[in-house]
Amino acid sequence: MATATDQLVGFGLVAFSLVLFVYYTLWIIVLPFIDSNHGIHQYFLPREYAVIIPVVAGLLLVLFIGVFIMITMWKSRKAAKKSD
(Lines give C-alpha, C1' and ligand atoms only; values in the text may rest on other atoms or scores of the structure.)
Protein backbone atom coordinates (compact mmCIF):
# COMPACT_ATOMS: atom_id res chain seq x y z
CA MET A 1 0.00 0.00 0.00
CA ALA A 2 1.39 3.39 -0.99
CA THR A 3 1.89 6.06 1.62
CA ALA A 4 0.63 9.62 1.23
CA THR A 5 4.13 10.79 0.32
CA ASP A 6 4.41 8.16 -2.41
CA GLN A 7 1.04 9.19 -3.81
CA LEU A 8 2.00 12.87 -3.73
CA VAL A 9 5.30 12.23 -5.51
CA GLY A 10 3.52 10.06 -8.08
CA PHE A 11 0.90 12.72 -8.68
CA GLY A 12 3.63 15.35 -9.08
CA LEU A 13 5.48 13.22 -11.64
CA VAL A 14 2.31 12.55 -13.60
CA ALA A 15 1.35 16.25 -13.55
CA PHE A 16 4.85 17.28 -14.66
CA SER A 17 4.80 14.72 -17.48
CA LEU A 18 1.36 15.88 -18.61
CA VAL A 19 2.40 19.54 -18.69
CA LEU A 20 5.58 18.68 -20.57
CA PHE A 21 3.65 16.55 -23.09
CA VAL A 22 1.06 19.28 -23.72
CA TYR A 23 3.74 21.98 -24.08
CA TYR A 24 5.82 19.90 -26.51
CA THR A 25 2.74 18.85 -28.51
CA LEU A 26 1.59 22.45 -28.89
CA TRP A 27 5.15 23.53 -29.74
CA ILE A 28 5.66 20.93 -32.46
CA ILE A 29 2.21 20.24 -33.91
CA VAL A 30 0.06 23.34 -33.38
CA LEU A 31 2.52 26.24 -33.48
CA PRO A 32 3.56 25.87 -37.15
CA PHE A 33 -0.04 26.56 -38.20
CA ILE A 34 -0.23 29.86 -36.26
CA ASP A 35 1.08 33.08 -37.83
CA SER A 36 4.62 33.94 -36.73
CA ASN A 37 3.58 37.43 -35.59
CA HIS A 38 0.97 36.03 -33.16
CA GLY A 39 1.69 36.66 -29.46
CA ILE A 40 1.64 32.99 -28.50
CA HIS A 41 5.07 32.47 -30.08
CA GLN A 42 6.73 34.38 -27.23
CA TYR A 43 5.92 31.50 -24.83
CA PHE A 44 7.83 28.89 -26.85
CA LEU A 45 11.50 28.36 -27.59
CA PRO A 46 12.82 28.52 -31.17
CA ARG A 47 12.05 25.47 -33.29
CA GLU A 48 15.67 24.28 -33.40
CA TYR A 49 15.45 23.38 -29.73
CA ALA A 50 12.59 21.00 -30.49
CA VAL A 51 15.21 18.61 -31.87
CA ILE A 52 18.25 19.56 -29.79
CA ILE A 53 16.63 19.13 -26.35
CA PRO A 54 15.31 15.55 -26.87
CA VAL A 55 18.58 14.45 -28.49
CA VAL A 56 20.66 15.80 -25.60
CA ALA A 57 18.25 14.28 -23.07
CA GLY A 58 18.44 10.91 -24.83
CA LEU A 59 22.25 11.00 -24.92
CA LEU A 60 22.39 11.86 -21.23
CA LEU A 61 19.97 9.03 -20.46
CA VAL A 62 22.12 6.53 -22.39
CA LEU A 63 25.23 7.88 -20.66
CA PHE A 64 23.73 7.51 -17.17
CA ILE A 65 22.43 4.01 -17.94
CA GLY A 66 25.86 3.01 -19.25
CA VAL A 67 27.63 4.41 -16.18
CA PHE A 68 25.14 2.64 -13.88
CA ILE A 69 25.70 -0.69 -15.65
CA MET A 70 29.47 -0.21 -15.59
CA ILE A 71 29.51 0.55 -11.85
CA THR A 72 27.20 -2.37 -11.09
CA MET A 73 29.33 -4.80 -13.09
CA TRP A 74 32.52 -3.47 -11.50
CA LYS A 75 31.12 -3.88 -7.98
CA SER A 76 29.88 -7.40 -8.69
CA ARG A 77 33.27 -8.38 -10.12
CA LYS A 78 35.02 -6.95 -7.05
CA ALA A 79 32.65 -8.86 -4.72
CA ALA A 80 33.23 -12.10 -6.68
CA LYS A 81 37.02 -11.76 -6.34
CA LYS A 82 36.71 -11.22 -2.56
CA SER A 83 34.63 -14.39 -2.13
CA ASP A 84 37.20 -16.51 -4.03
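## Polar links between the domains

Between domain 1 and domain 2 there is one residue pair in polar contact, with both partners at pLDDT 80 or more. That confidence value belongs here, as this is a predicted model. Salt bridges between domain 1 and domain 2 number zero.

What kinds of residue make up the side of domain 1 that touches domain 2? That side divides into five nonpolar residues, with no polar and no charged ones.

Let's step back to the overall layout. The domain assignment places residues 1-44 in domain 1 and residues 46-83 in domain 2. Five residues from domain 1 and six residues from domain 2 take part in the contact.

Together, domain 1 and domain 2 bury about 430 Å² between them, and carbon and sulfur atoms give 58% of that area.

Leaving aside residues up to four places away in sequence, Ile53 touches Trp27 and Leu45. Is Ile53 buried, partly exposed or exposed? Ile53 counts as partly exposed, because its relative accessibility is 41%, which falls between the 20% and 50% cut-offs.

Pro46 sits in the loop between α1 and α2, the latter helix covering 49-83. In sequence, Pro46 and Trp27 are 19 residues apart, while their C-alpha atoms are 9.3 Å apart in space. Pro46 has a relative accessibility of 42%, so it counts as partly exposed.

## Phe21 on helix α1

Finally, have a look at Phe21, which is found in helix α1, spanning residues 4-30. Why does Phe21 count as exposed? Its relative accessible area is 56%, and exposed means over 50%.

For a sense of distance, you can compare the position of Phe21 with that of His41. Phe21 and His41 lie 20 residues apart along the sequence, and the C-alpha to C-alpha distance between them is 17 Å.

Technical notes: Residues numbered from 1 in each chain as written. Predicted model: local features only at pLDDT ≥ 70, side-chain atom pairs only at ≥ 80, totals over all residues. Heavy atoms only, no water. Helix = DSSP H or I, 4+ residues; strand = E, 2+ residues; numbered from the N terminus. Buried < 20%, exposed > 50% of the residue type's maximum accessible area, 1.4 Å probe, protein only. Domains from an automatic or database assignment. Contact = heavy atoms within 4.5 Å. Buried area = accessible area lost by both parts, 1.4 Å probe. Salt bridge = Lys/Arg side-chain N within 4 Å of Asp/Glu carboxyl O. Polar contact = N/O pair within 3.5 Å; in protein donor to acceptor, adjacent residues only side chain to side chain. Nonpolar A, V, L, I, M, F, W, Y, C, P; charged D, E, K, R; others polar.
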